[in-house]
Amino acid sequence: MTLFTALFSHYRRHPLQLLALAAMMIVATTLWTGVSHLTSQARASLGQSERAVVERLQVERSDGRAVTVEDFVALRRAGHCVMPWLEVERQSSFGRVVGIDPLAAGCLAGSGEQARAWDQPLDGQPFLDIGEAAALADEAEGSRSTLSLLVSESHAPLPATYRVTPFSLGPDTGELGASFLLNLDALGVLVLLITALLLRSVYQLGLAQRRDSFALLHRFGVPAPAVRRMLLLETVLLAALCVVPGVALGRLLADALGGGFGQALDSLFDTPLYAGQDAGWLQPALTMMAVVSAVCLADQFRPPWRKVFEILGGRVRWLALAMLLTGLVLAFISTSLALTFIAIALVFAGTGILAPGVIDGVVRRCARGTEDPLRRWQLSELGVLARRLALPLVALQFALAMVLAVQALVTVFEATFDDWLGQRLAAEYFIEVPAEAESRAAADWLDDQSPLAGSGQWHRVVRGRARLPAAGPNPEQAVDLFALAPVSTMLRAWDLQAATDQPWLAFARGQGVMVNEQLARRRQLAVGDTLTLVVAGRPQTSTVLAIYPDYGRPAGEVLVNAAQLPASFEPGFESISVSPGPMGIEAVIAGLKQVWQTETVSVRDNGRIRALADAVFEQTFLLTRAMTVLTLILAAMALLIMGWVFFSTRVWYYRLLAVWGMGQREVAGQLLRLSVVLTMSIAVLALPMGIWLTWTLVHRINPLAFGWSLPMAVYPEFWLELGGLSLVIGLSIAVLMRRQLRHPAVMPASASSLSGGER
């Protein structure tokens, strides 16, 4: 028998423990690989978008029709340097591709640095030859393609049938897209942390069960370094066998969620998820193998932190308490995302060290206060379990807290977003004002129609840009201008975060403006403050009447009465929001066609827009939900296996209860109480941590990352669901332990020879 065979014989005697360890490695690798694959692809899309198409010009037809390949050919033959940009959006998880002409790209770039900047996109996807992209658009069912013609800034005069307009598909996301990905990265790191704790706990218990085998090998002359080398080989082989299928499953998970994730990036953050080069298998595989090897074999090589803990001794708990308090204070006062994440890490570290000790201390105090021997034994045994199962219990606590916080955040966001969307899309129809038409003329016509006059069921929307001059520490800032008139009943239904008395009445009289939450936070504005706004070169000073929520984007916005806009103001976009009622949308469209002297009017059904927005939003958090559910399953599975294995080491001890006079059913009842109380205790400890993490996400991370906040809400019914899950885990451990009691068990030679030998 070889040394490796002798060591591996432990798993031949305990095959379920080997399967459990392998399953945990596979699930953890799947989870982390999926998140890493999606976030890396999204981050690459951000970089490719910004690098390739920022600050360029495009050619459009003067008659407003879309450009075609024939236009490109005609311009090229006339000697103009234009490049086709054919963007193909496929209804799949493969992302977008962009078709370009390499020769035209060289002409557009010219020479020097600008030319070299165009070489990078030509190396592969998402940038393809325009012929290949066109073929994909024709072959892929349900795909959509858009052709643009790019032109250099130093272009020659174009024919009268064409005009030059700005072209930019690069996302102007500010910190929004990066913060979204940063939150996913942080969640992925938390998943790795929980995985490390779980793997370490299960592996350490296996080592504790193998101490007698190691001692026997030492007596036969096998040196300790040889045993450590074989353990390293064993761990690396097991990790290699489990990590590879885990990476494959993670990529399948990323592909399954990629379509919804890409739609979320595109719709919420203006960031298309481009097709990219294959991220490969090596990086996630090596990362997980390193994590597995580090957490399983850390104690075999005398890590330096063990000396630190030995020096600190009993002061570790005071250090953990200091970390916890520092993290709580830092989370409250931090003004950056980095400090907030550090605060969360400190709170998690402090809580993880203190939680098992809290359970142990409470049960010890209770045990000293009772005179019932059986009750005292129950409490003492619960303390032993808390100490011996510290790592999986802490991992379950982290997982429960994370799931509580994320679920509360998603539920709050869903409810808030649905209400906000209902307010913004309160009108049944959205009618776009043509480029050369007058929205005031349409407003006058609508005001003359008897079904709509005075009904409050329509209003005019004007969008544009304005400037806020520098004031104190605040620099000059460009803001979005959102002008409305008249103040319809649909507007009065808006929920305002803060407002004066009767704000809409004052707004209708032109006595002030309203600002969105993002601008109020940046400029430290409050209701009643004075705001100077430069519109079309003319400064206007107004009172802030209200602050309104504006979710999903980082831009600052000012809401003004459209009647107060100067005549020289040039809107970027105009529309009419209307609920026609008995008049019918057909009559409204027909009347507006006559007013605007046009044959076509663009009309959008807000009901369909809302349904689409709800679907996109649901996809946005599909990845987060999948991560939290899989993490919870991983933690529950680990605690179930860990508890079962640990209880099996104490079968001989629990059989003493029968020797002392208890029946088999009574012994099983005692085990049931122990396992259920243990899992429910950690669920109770996870509850305040989950509430605090919810508060941090809502009131600290969200405003710092996105510029807007959400209402704080907790959902006790979800607490009951997680409590039920903890109860199921405890019951499952008790059922498995009851089966162990039916098999013979040999008492160890000494009470401390096994991890479960404490009495």
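Ala 536 sits in the loop between strand E12 (530-535) and strand E13 (538-548). Helices (H or I, at least four residues) and strands (E, at least two) are DSSP runs, numbered from the N terminus. The structure is a predicted model, in which local features need pLDDT of at least 70, side-chain atom pairs count only at pLDDT 80 or more, and totals for chains, interfaces and linings use all residues. Residues are numbered from 1 along each chain as its sequence is written, and side-chain values use heavy atoms, with hydrogens and water left out.

Ala 536 has a positive phi of about 55°, although it is not a glycine. Most residues other than glycine have a negative phi, and most peptide bonds are trans. At 36% relative accessibility, Ala 536 is partly exposed. Buried means under 20% relative accessible area, exposed means over 50%, and partly exposed lies in between (1.4 Å probe, protein chains only). Gln 502 also has a positive phi, near 50°. Its place is the loop between strand E10 (498-499) and helix H18 (503-508). Gln 502 is exposed, because its relative accessible area is 57%. Another backbone feature is the cis peptide bond between Ala 485 and Pro 486, with omega about -10°. Pro 486 belongs to the loop between E9 and helix H17 (489-492).

Charged pairs come next. Side chains of opposite charge can pair when their charged atoms come close. A salt bridge is a side-chain nitrogen of Lys or Arg within 4 Å of a carboxyl oxygen of Asp or Glu. The count by this rule is 7 salt bridges. One of them joins Asp 480 and Arg 465, at 2.3 Å from N to O. Asp 480 lies in strand E9 (residues 477-485) and Arg 465 in strand E8, so the pair ties together parts 15 residues apart in sequence. Asp 480 is buried, with a relative accessible area of 16%.

Glu 557 and Arg 463 form another salt bridge (3.0 Å, N to O). This pair links distant parts of the chain, 94 residues apart: Glu 557 is in strand E14 (residues 557-561) and Arg 463 in strand E8 (residues 458-468). Glu 557 is buried at 0% relative accessibility, whereas Arg 463 is partly exposed at 31%.

Asp 360 pairs with Arg 364 inside a helix. Their closest N and O atoms are 3.4 Å apart. Both residues lie in helix H13 (residues 337-368), 4 residues apart, about one turn of the helix. Asp 360 is buried at 5% relative accessibility, but Arg 364 is partly exposed at 46%.

The disulfide count is 0 (a disulfide is a pair of cysteine sulfur atoms within 2.5 Å). Cys 242 is buried, with a relative accessible area of 4%. Cys 366 is partly exposed, at 40%.

Gln 58 lies in strand E1 (residues 56-61). Gln 58 is buried, with a relative accessible area of 11%. Its side chain makes a polar contact with the side chain of Glu 60 at 3.3 Å. A polar contact is a pair of N or O atoms within 3.5 Å; within protein, one must be able to donate a hydrogen and the other to accept it, and residues adjacent in sequence count only if both atoms are side-chain atoms.
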